[in-house]
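Okay, thanks everyone, let's get going.

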Amino acid sequence: MNRRHDIDALRALAFALVIVYHVGMYYVADWHWHIKSPHAAEWLQWPMRTVNLWRMDLVFLVSGIAFGFLRRGLSPARLIAARSLRLLLPLAFGMAVVVPYQAYVQALDQGAIGPGLGAFLARYYSGGPWPRGAFDGSDFGVTWNHLWYLPYLWAYTVVLAMLSPALESAPGQRLRLAFTRLRGAALLVLPALPLALYSLTLWPRFPPTHDLIHDAWLHAVYFTLFLYGHWLGVDAGVWAALRRLRWIALALAVGMFALHVGLRTMAAGSEPLWRMSARLAADAYLWTSLVAVLGWAHHLLNRPWPWLAWANESVYPWYVLHQTVIIALAVLLAPLALGAVVEPVLLLLGTVLGCWLVTDGLVRRVTWLRPLFGLRPRARPRCPTPASQERPAARSA
């Protein structure tokens, strides 16, 4: 099978977008995040929203595509075991080592604790208790913060692996074919209908929590897109259709976002009808944006980029590290009062540099660290067999 370079590149770029977005979260006013810059600005809300409405949906869709490759030749039990090691070990390590500093800075910023990282860690590892709202997740004693994607992906992987017999049955294959044979307007509209249904039924009652337990609306959306990704796979027909639709989907996405903005403005008084209309417009924007992204990625990125091999192995450690690096650098830069232009630039560049230094200088080189950041063991160089050692001599003779 030829390597699908566009899918590899899309995965790397999707996570790069998550990093840039989290830098932006430090600066966008009135949106909850762990700490906020004194330079926080309201005008950032709409640029951030253009990405916020589909960024993690894209990540789960690409993860669904990857699931299709991973499950080949594996029974559901072996697949679940392999993915549990690859997802839950970095989650546990991240919650124990990488994330606590984020919680410490937030609790300190909230005035919930006094200075002293050592004392905070001793209390954190014992499970609290904490003052209410000390940091995101303090009600549970510990937190996974930005690593919430890992338990969600693990849960969807387990569910889809257990459903494999049904998905591979004749009715399951007919359902997949019905999806991959969508073309034109049907491909732009029909996959968005379940998302709209979830907004009508679940969104009003289940706001996002990222706590895995009370997130019914997000689970419905993310798992559906995970399944869509699994169905998409490398089906040549549907990818060609996505490529043909890239301009139309982009235009529709722009139009749907403009409609969403208008409806949200009219919903400022919390009128339920306007709020729901804005939410449905967001669903249409979400799906047309994904069609545009997939179509343009297939058109532009399906080639063996020199940076792909490095990016594929760097994505996971960068994801684990990036938010703690952002917060640590924000704490260091804030007293310097560098202003609303220089500081964000330095914060983004410093985050990239910090993730690169830790990943390439340490994580990828240290054998026991690799699985803690989701990396496979390094391939050992093959030792030549006696027969292979004899062949060059035989040729020269």
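So, where does N145 lie? N145 sits in the loop between helix 6 and helix 7, with helices being DSSP runs of H or I, at least four residues, numbered from the N terminus. Quick caveats: this is a predicted model, where local features need pLDDT of at least 70, side-chain atom pairs count only at pLDDT 80 or more, and totals for chains, interfaces and linings use all residues. Residues are numbered from 1 along each chain as its sequence is written, and side-chain values use heavy atoms, with hydrogens and water left out.

N145 has a positive phi, near 40°, and at 9% relative accessibility it counts as buried (under 20% relative accessible area; exposed is over 50%, partly exposed in between; 1.4 Å probe, protein chains only). P129 is found in the loop between helix 6 (117–125) and helix 7 (149–162), and the peptide bond from G128 to P129 is cis, omega near 5°. For context, most residues other than glycine have a negative phi, and most peptide bonds are trans.

D30 also has a positive phi, near 70°. D30 is exposed, though, at 63% relative accessible area, in the loop between helix 1 (5–25) and helix 2 (45–52).

Note on methods: Helices (H or I, at least four residues) and strands (E, at least two) are DSSP runs, numbered from the N terminus.
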